[in-house]
Amino acid sequence: MGLWLDSIVPVAANWISHAHSDHSRGGHGRILASPETIRFLRLREDEQILAGSVIEPMECDAPVSLPSGAVITAKPAAHITGARQLLVEFGGERLLYTGDIKLQKPLLGAETEIVPCDHLIIESTFGLPVYRFLTCEQAAERIVRFARECLSEGSIPVFLGYPLGRGQEIVYTLCRAGIPTAVHGAIARLIPAHEESGYQFCGWEPYDAANMPGKAHVVTPGFRNTLEASGKPVRIAYVSGWAAVDNARARSGAEELIPYSDHAGFQELLDIVDGSGARRVDVVHGYTETFARILRERRNIDARAAMVGVHVEDD
Ligand SMILES: [Zn+2]
C-alpha cells in the first residue's frame with residue numbers, strides 16, 4: 001500500500017494537507033490529516049469527503065510509522081487553520097511536502113516551521129517575482145482603515161473573501177477592531193470550527209439584506225454582484241494575492257486592493273527552499289515550470305515541475 005499526497009482521485013491511503021477543495025476529495029481507503037482539517041472536511045457541503053474512509057488524525061510532531069518502515073510526521077504550515085506539511089523519512093532520506101504554504105505569519109492558523117530535508121515538494125501558486133504580499137499586520141491595518149473610512153462617510157464596506165480561510169481572517173480582523181460586521185452564510189458557517197481552534201469572533205451577525213447600513217460586510221466573491229445590484233452605497237475591497245497585479249482592479253471590480261495571501265509570495269518561496277537545504281525540488285501548482293527553472297538557474301538545484309497527487313512510498 002502506498003501513501004499519496006493530496007490525491008484528487010480515490011486511493012488506498014491519502015494525506016490531506018488542508019481542507020481546500022482542490023486538495024481534498026473523498027473516496028480514499030484511509031485519510032490522514034490534522035484534527036482541524038478533519039473538522040473542516042466534516043462540514044463540507046458539496047460531498048461526504050470522509051464517508052467510508054478510515055480517518056487517522058495526525059498531531060504535529062507525533063511521528064507515525066508506516067508498514068514499509070517509512071516514518072511520517074506532520075509539521076505546521078501557515079495557510080489556513082489546520083494546514084500541515086508532511087515529512088516522510090525513509091531509507092535515510094527526508095522528503096518534505098509543503099502542501100499550500102506561506103512563510104509570513106497568517107492572521108489565522110499556525111506559523112510555518114522550516115524543516116530541513118533532502119527532497120522538497122513545494123507549491124508555486126505565486127512563483128513569479130511580481131508577487132509580494134503585505135504582512136498580516138499591514139493587511140489588518142488596511143482592512144480596518146478601509147472599513148472605518150467607508151462607515152464614517154455613510155457607505156458600506158464590502159470585503160470579498162473565500163469561504164474557508166480568507167473570509168474568516170477578514171471577519172476576525174474586523175471583530176478584533178470592534179467594527180460591526182455582517183457575514184455571508186458560506187463564511188459564517190465555518191466560524192464555529194475556527195472558534196474550536198481557539199479564535200474568538202465577537203460581535204458579528206449574519207448578513208441581512210434588509211439591514212445593511214452601519215456594518216462592514218464580508219461576503220464570497222460571487223456575491224459581489226448581488227450587493228452592487230442592491231442599490232446600497234457599497235464600496236468593494238478585494239483581499240487576495242491576486243490583488244498584487246495591475247489588472248486586479250478590473251478583474252475583481254473592487255476599488256480597494258489589499259494584496260494579502262494565504263500563499264507564499266515569490267521571495268517567501270525562495271526562503272522556504274533555501275531554509276530546507278533541499279538539493280532536489282519538485283514544484284506543484286501555479287507557475288511550476290518557471291519557478292523550477294529559476295531554482296535550477298539561481299540555486300543550482302535539481303528542480304522540476306511535477307504533477308499534483310504525488311505517490312511517495314511503496315511497500
Ligand atoms: Zn489551499
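Trainee: Let's start with one residue. In which strand does His285 lie?

Mentor: His285 is part of strand S16. Strands are DSSP runs of E with at least two residues, helices are runs of H or I with at least four, and both are numbered from the N terminus. Before we go on, this is a predicted model, where local features need pLDDT of at least 70 and side-chain atom pairs count only at pLDDT 80 or more, while totals for chains, interfaces and linings use all residues. Residues are numbered from 1 along each chain as its sequence is written, and side-chain values use heavy atoms, with hydrogens and water left out.

Trainee: Got it. What is phi of His285 near?

Mentor: Phi of His285 is near 70 degrees, a positive value in a residue that isn't glycine. Asp61 is also a residue other than glycine with positive phi, near 60 degrees. Asp61 lies in the loop between strand S4 (54-57) and S5.

Trainee: Is Asp61 buried or exposed, or partly exposed?

Mentor: The cut-offs go by relative accessible area: buried is under 20%, exposed is over 50%, and partly exposed is in between (1.4 Å probe, protein chains only). Asp61 has 44% relative accessibility, so it counts as partly exposed.

Trainee: Back to S16, then. How do I read the sheet, and what is the order of its strands?

Mentor: Two strands pair if DSSP finds at least two bridges between them. Here you have an open sheet of 7 strands with mixed pairing, in the order S5-S6-S7-S8-S9-S16-S17. The edges are S5 (64-65) and S17 (302-305); each has a single partner strand, so one side of each has no neighbour in the sheet. Inside the sheet, S9 (residues 119-124) and S16 (residues 280-286) run parallel and are joined by 6 bridges. Ile122 stands opposite Val283 in S16.

Trainee: What does Val283 touch?

Mentor: Contact means heavy atoms within 4.5 Å. Leaving out residues up to four places away in sequence, Val283 touches Ile122, Ser124, Thr288, Phe291, Ala292, Leu295, Arg304, Ala305 and Ala306. Ser124 lies in S9 and is buried, at 0% relative accessible area. The contacts of Ser124, with neighbours within four places set aside, include Leu269, Val283 and His285.

Trainee: Which residues are buried in H8?

Mentor: An α-helix has 3.6 residues a turn, so residues three or four places apart point the same way. In H8 the buried ones are Phe266, Glu268, Leu269, Leu270, Ile272, Val273 and Ser276. They pack against S9, S16 and H9. After H8 comes Gly277, with a positive phi near 75 degrees.

Trainee: How is the protein chain divided into domains?

Mentor: The bounds come from an automatic or database domain assignment: domain 1 is 3-130 + 263-313, and domain 2 is 136-258. Their centres, taken over C-alpha atoms, are 29 Å apart.

Trainee: Last one: which residues are the protein donors of the zinc ion?

Mentor: Donors are N, O and S atoms within 2.8 Å of the metal (3.2 Å for Na, K and Ca); water is not among the atoms, so sites may look incomplete. Here they are His18 (NE2), His20 (ND1), His79 (NE2) and Asp100 (OD), at 2.1 to 2.3 Å from the zinc ion. Their spacing in sequence is H-x1-H-x58-H-x20-D. His18 is buried at 0% relative accessible area, and His20 counts as buried at 17%.

Trainee: And how should I read the angles among the 4 donor atoms?

Mentor: Four donors are tetrahedral if all angles lie between 85 and 135 degrees; four are square planar, and six octahedral, if opposite donors are over 155 degrees apart and all others between 65 and 115; anything else is irregular. The angles here run from 90 to 163 degrees, and the zinc site is irregular.
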